[in-house]
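Subject: Handover of a structure and findings

Dear colleague,

Please find below the structure that I am handing over to you.

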Amino acid sequence: MIQRKQTLFLAASVVLFLSTFAFPFGTIGMHELHNYKVISPDGSAVSEISTYYFSIPLAIASLVSAYAIFLYSNRQRQMAVVRISFIFYAASFALMSLYIINAVKTIGAETFQWGVSFFLPFAAFFCNMIALRGIKKDEQLVKSLDRLR
């Protein structure tokens, strides 16, 4: 059933990922770090800093979460797919920290100020955790009802 609460959390995870493109990850000096590029104070993109290596695992995690929404009829597979998304989220978190460290070194500024989009992937990960917990509870409920038969 697609109207389960874990479906809402998986959909929220996808929406949180998509909203990372709307806000900056943070600022280094006067430069803004976005999911897709680094913008200098004059509005031009800084080409020395690649953003794709952490955006790709984050996008895959989001696509896997979106795919998990439609696996509601097979809860075991849905749990496995959500667990796979955790691997991609973990990879994107590690690569996101490397992206920030690389940007700080390239730009040469010493201060990094957190932006809204920095926390959105963590919120998406948390939504996936809550969804996984809901899927497990559904599976336990179905197993307990099968025992009563």
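A residue is called buried when its relative accessible area is under 20%, exposed when that area is over 50%, and partly exposed in between, with a 1.4 Å probe and protein chains only. By this rule I60, at 32% relative accessibility, counts as partly exposed.

Two remarks on the source come before the rest. The model is predicted, and local features therefore need pLDDT of at least 70, side-chain atom pairs count only at pLDDT 80 or more, and totals for chains, interfaces and linings use all residues. Residues are numbered from 1 along each chain as its sequence is written, and side-chain values use heavy atoms, with hydrogens and water left out.

Overall form

The protein contains four helices and four strands. Helices (H or I, at least four residues) and strands (E, at least two) are DSSP runs, numbered from the N terminus. Along the sequence, these elements follow the pattern α-β-β-β-α-α-β-α.

The radius of gyration of the protein is 19 Å, whereas a compact globule of 149 residues would have one near 15 Å. This radius is taken over C-alpha atoms, and the globule rule is 2.2 Å times the number of residues to the power 0.38. Taken along the principal axes, the C-alpha atoms fill a box of roughly 70 × 20 × 20 Å.

Of the 149 residues, 42% count as buried. The protein exposes about 8400 Å², and carbon and sulfur atoms supply 67% of this area. Accessible areas come from the Shrake-Rupley method with a 1.4 Å probe; for residues, only the protein chains shown count as cover.

Contact means heavy atoms within 4.5 Å. Among the contacts with a separation of 6 or more, 74% are between residues 24 or more positions apart.

The nonpolar cores

In soluble globular proteins, nonpolar side chains tend to be buried together. A nonpolar core is here a set of buried Ala, Val, Leu, Ile, Met, Phe, Trp, Tyr and Cys residues joined through side-chain atoms within 4.5 Å.

Which residues have the most contacts inside the largest nonpolar core? They are L33, M96, Y99 and I100, in a core of 22 residues. At least two residues of this core come from each of helix 1 (5–19), helix 2 (52–69), helix 3 (75–107) and helix 4 (116–148). Helix 3 gives the most, with six residues.

Leaving aside neighbours within four places in sequence, L33 is in contact with P24, F25, G26, I28, V38, Y99, I100, A103 and F112. There is also a second, separate core of twelve residues, which includes L10, A68, I69 and F86.

Residues in helix 4

Apart from neighbours within four places in sequence, S117 is in contact with S19, T20, F23, P24 and F25.

D138 also lies in helix 4. With a relative accessible area of 23%, D138 is partly exposed. Its contacts, leaving aside neighbours within four places in sequence, are R4, Q6 and R75. D138 and R4 are 134 residues apart along the chain, and their C-alpha atoms are separated by 9.5 Å.

E139 has its place in helix 4 as well. E139 counts as buried because its relative accessibility is 13%. Not counting residues up to four places away in sequence, E139 touches R75, Q76 and M79.

A12 lies in helix 1 and, at 27% relative accessibility, counts as partly exposed. A12 and N128 are 116 residues apart in sequence, with 8.7 Å between their C-alpha atoms.

I60 and F9 are 51 residues apart in sequence and 17 Å apart in space, C-alpha to C-alpha.

Yours sincerely
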